Amino acid sequence: MVKQSELLHLRQIAPRVWGTICRQVDGVAVSSTISALHCKGLLKWLLKNGPVNMEQILQKFGGNEGYLHIALRILDCQNWLHRRGPVGTPQMTFELSDEGQTIVQLADTYTTIAQTLVLTRQLLNDWHLGNKAKTLSGLRQLTTIIQTTQHQLATKAPVYLYPKIKDHIQGHLAVPIIAMLSHQGLFPPQHEIITSIALDQYNGQSEILHTAFAALSLLQWTRVQQDKVQFSPEGKVAVAFARQYWYPISYLETLIRVPRLLFGQPTSFHTTNGEEETHVDRLLDIQFSGAVFETSCQQPFLDMALPLFHTSDLASQPKAIVDMGCGNGALLEVFYKAIQRQSLRGQHLDEFPLLMIGVEPSAIARQTTAEKLQAAGIPCRIIAGNIAEPAALSRSLAKLGVAPHEALHVSKSVIHNRPYHSPPPTTPKLALPSTGAFATPAGKAIPNIQMGQNLIEHFTQWKPLCRGHGMLVIEGHCTPPALIAQLNGRSISTIMEATHGYSNQYLVEPEVFRGAAAAAGFRSQQSCDIGKESVGHTLLTIDYFVVD
């Protein structure tokens, strides 16, 4: 039982610890980018020749323009570089900031820690497979590299930059260890406090756990004595946010591939012939997404959605709910149970049944959703489909006996994951261009004006399906780099934008997103912005779009 006085202290230090976590996750995002640019010689060239434009960079170093725009935007998010001019074009210019000039002198440090990403991949694989000897060896090797690099940094980094870079380095230790420990169930649910763990209760794993928790003592979060782990106040707060470390691990393969994306032959990340993606641990990613929905989106989503099922004319309500990109099925399960318990429709489901339809391109996600909903006794159908093919979805729904316009369509963070198709050159352009950087899977740059038009066309294709009951959309967004840099240590925006950018997912700002919907003929009847109060900028939006 945690005393009231201790809870008060933990609340007081929580913002500081949260800042550390954000910078640790940032470090995993930026290290491979800095390393790839440094090893090519681009950073030192920028130091001597900046400002330069993208055309000059390509003439000097070659590479893939789209991914290079993303890489340099990531540096902008850390206040290491300034971008000017038309976004996503050869004419855009780049110049190192004062802080960025110092980072160039420390680029070898980032190269060293970036090399641990491959070691981390092997470590997590050995840990998962139960290979004790290799897991112990990997943990010790990773700990030694981080400890040595941190010690060297103390003699090289200026005082004003040392805390930030130290967190970047330590992130390469904290992220895999806390993610794995959390995923194995050693920590309580998010935001609950743990004070100690007895390792002798974990038969066969105590030595691995002892080594892992000893590694975390470098962060001054743990102290291991014999078979017991004691958490410092900072450690108690950190493990309460343990699920934040799942996201960077789910995209570990993407981060490892950054050098190839920037200067090699890009490999398409999209699924082919029914195979799962190779750039992401999809199961871990949908678990993280489910956790985000539960903690941040669930209540505002239900506040917006439930009134649709509380009208007296039950026959006019949706006959089905179609969740495009259903992930782990969390949204469908929560939504159905809430309708059962909190709406008028829930009192008449025998007379007016409601079918929950999960749609996913990922076989892993479809299986996860089916198991979840069937175990809960929820009437459901789980089918293959993706956000870019509403016409195909219409045909699939017809086979289930559901007219598309008789369903309420919902989606959670999937519109930005649609494939990009160039709009016709004569099509009108969106007046609100994004600050984002976008690349095709082949590495070509996508001008932000064209991305806005592509989004308009996407919404236009969905209008026939939504003319009956509209669509409820939860969507993630990018943020102008200057604001991300200003709010450094308050959110995990840098890694969100890095992983989305490098894996051809197209985040835009909320105003661009809503502007595209409006240009296509949708009206946001209700909306909610998530993140403004807690981190200083909008992370997610929820909109109930209806056809005007």
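Which residues of helix H10 (residues 206–216) are buried? In this predicted model, the buried residues of H10 are Ile208, Leu209, Thr211, Ala212, Phe213, Ala215 and Leu216. An α-helix has 3.6 residues a turn, so residues three or four places apart point the same way. The cover over the buried residues of H10 includes both helices and strands: helix H7 (116–129), helix H8 (132–156), H9, strand E4 (196–198), strand E5 (222–225) and strand E6 (228–231).

**Nonpolar cores**

Phe213, one of the buried residues of H10, also belongs to the largest nonpolar core, which has 103 residues. Together with Leu37, Ile57, Leu181, Phe187, Leu262 and Tyr502, Phe213 touches the most other members of that core. Helix H1 (residues 4–40) is the element that gives the most to this core, contributing 13 residues. Another core, of 36 residues, lies apart from the largest one; Ile387, Leu397, Phe438 and Phe522 are among its members. In soluble globular proteins, nonpolar side chains tend to be buried together.

The surroundings of Phe187 can be described in detail. Beyond its neighbours within four places in sequence, Phe187 is in contact with Ile178, Leu181, Ser182, Ile197, Phe213, Phe231, Val239 and Ala242.

**Helix packing**

| Helix pair | Angle between axes | Axis separation |
|---|---|---|
| H6 (residues 107–114) and H9 (residues 162–183) | about 15 degrees | 10 Å apart |
| H7 and H8 | roughly 155 degrees | within 8 Å |

The angle of about 15 degrees between H6 and H9 makes H6 roughly parallel to H9. H6 passes H9 in a left-handed crossing. On the H6 side, Thr109, Tyr110 and Ile113 take part in the contact, and they meet Ile165, His168, Ile169 and His172 of H9. By class, this contact of H6 with H9 comprises four nonpolar and three polar residues, with no charged residues.

H7 and H8, whose axes cross at roughly 155 degrees, are therefore roughly antiparallel to each other. The crossing of H7 past H8 is left-handed. Thr116, Leu119, Thr120, Leu123, Asp126 and Trp127 of H7 meet Lys134, Thr135, Gly138, Leu139, Gln141, Leu142 and Ile145 of H8. The contact of H7 with H8 has six nonpolar, five polar and two charged residues.

Notes:
Residues numbered from 1 in each chain as written. Predicted model: local features only at pLDDT ≥ 70, side-chain atom pairs only at ≥ 80, totals over all residues. Heavy atoms only, no water. Axes fitted to C-alpha atoms, helices over the stretch in contact; angles between N-to-C directions. Helix = DSSP H or I, 4+ residues; strand = E, 2+ residues; numbered from the N terminus. Parallel < 35°, antiparallel > 145°, perpendicular 65-115°, else oblique. Left-handed = near helix turned anticlockwise from the far one by under 90°. Contact = heavy atoms within 4.5 Å. Nonpolar A, V, L, I, M, F, W, Y, C, P; charged D, E, K, R; others polar. Buried < 20%, exposed > 50% of the residue type's maximum accessible area, 1.4 Å probe, protein only. Core = buried A, V, L, I, M, F, W, Y, C linked by side-chain atoms within 4.5 Å.
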